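Me: I'm new to this one. Could you walk me through how to read it?

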Amino acid sequence: MLLYHGSNVEVSNPDATHSRKQVDFGGGFYLTSDIDQAKRWAVSTTFKRGTGTPIVSVFNLDEQKLTNFVVLRYEGPTKEWLDYVVHNRRTGEPDQYDVVIGLVANDNVVRTLNDYMEDGNAEIAIMRLETQTLTDQYAFRTDRALAAIELVSSEAADADGLTGRLHPSIIEFYDRQITEMIADKYKVSYMEAFKMFASSQTHRMLEQKPYMMCDFGYPAIFEIWETEKETGNPRNNPYLIGDEHD
């Protein structure tokens with residue numbers, strides 16, 4: 001079975017243990033069976049890091065080898081999948097799984113996910129998701145699980161369809177969450193906290209669809225903003241720093 005990984009470089013030696021944590025399935029090496037999704041990942045990663053070229057690395061998955069690992073598989077949109085993604089985006093705490101397979105919370109799905117994080121209505125969230133075209137992702141979360149995949153080839157990716165701004169409701173969700181975090185930590189008013197976030201480069205990156213900053217949970221975006229506050233450049237944050245392993 002072929003799976004695809006999008007990055008700003010060809011990834012010939014993937015590494016599962018040094019990746020971003022507060023994403024859909026926690027830290028790991030992410031692939032998908034949908035090459036168009038991988039192309040979007042490649043383009044957005046290149047925009048985020050500000051270097052490299054969008055590249056899709058093609059891997060062969062030996063499905064028989066998955067029987068050697070602890071695998072968690074979600075079939076379609078379920079409350080369990082919603083809760084697992086919300087948990088990882090909020091905390092990034094590790095668990096016992098070597099491989100997790102399920103849906104991608106991309107820019108279409110994340111609007112529903114954000115609503116669920118705020119209102120907890122799984123029934124409505126699932127009904128909305130069932131009307132959408134959904135894409136899968138495979139997260140290889142331990143280095144030993146990477147023995148199940150092998151690099152086959154790589155190819156350049158383009159930015160077709162990945163232009164413009166994120167949907168306003170996505171931006172508003174992050175605005176609310178991160179503004180509250182800033183106000184609480186720095187003991188400033190809500191309005192002052194909003195100004196601090198809205199005037200940042202991090203916020204400008206969040207607004208633009210090619211960066212796909214909504215791949216990250218809001219605690220991760222807050223960390224990126226703090227890095228910008230401390231260093232003057234959000235790309236100094238580990239979430240936006242990458243290499244040939246991820």
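Reply: Let's go through the nonpolar cores and then the sheet. This is a predicted model, where local features need pLDDT of at least 70, side-chain atom pairs count only at pLDDT 80 or more, and totals for chains, interfaces and linings use all residues. Residues are numbered from 1 along each chain as its sequence is written, and side-chain values use heavy atoms, with hydrogens and water left out.

Me: Which residues have the most contacts inside the largest nonpolar core?

Reply: General idea: in soluble globular proteins, nonpolar side chains tend to be buried together. A nonpolar core is a set of buried Ala, Val, Leu, Ile, Met, Phe, Trp, Tyr and Cys residues joined through side-chain atoms within 4.5 Å; buried means under 20% relative accessible area (1.4 Å probe, protein chains only). Here the largest has 51 residues, and Trp81, Leu82, Tyr174, Met213 and Phe216 have the most contacts inside it. Among the elements that each supply at least two of its residues are helix H2 (79-90) and helix H5 (168-186); H5 gives the largest share, seven residues. Helices are DSSP runs of H or I, at least four residues, and strands are runs of E, at least two, numbered from the N terminus. A second, separate core has 17 residues, including Ile101 and Tyr138.

Me: In what order do the four strands of the open sheet run?

Reply: Two strands pair if DSSP finds at least two bridges between them. Here the order is E2-E6-E5-E4, with mixed pairing. Strand E2 (29-31) and strand E4 (71-73) each have a single partner strand, so one side of each lacks a neighbour in the sheet. E4 and E5 pair in the parallel sense over three bridges, and valine 71 sits opposite valine 99 in E5.

Technical notes
Buried means under 20% relative accessible area, exposed over 50%, partly exposed in between (1.4 Å probe, protein chains only).
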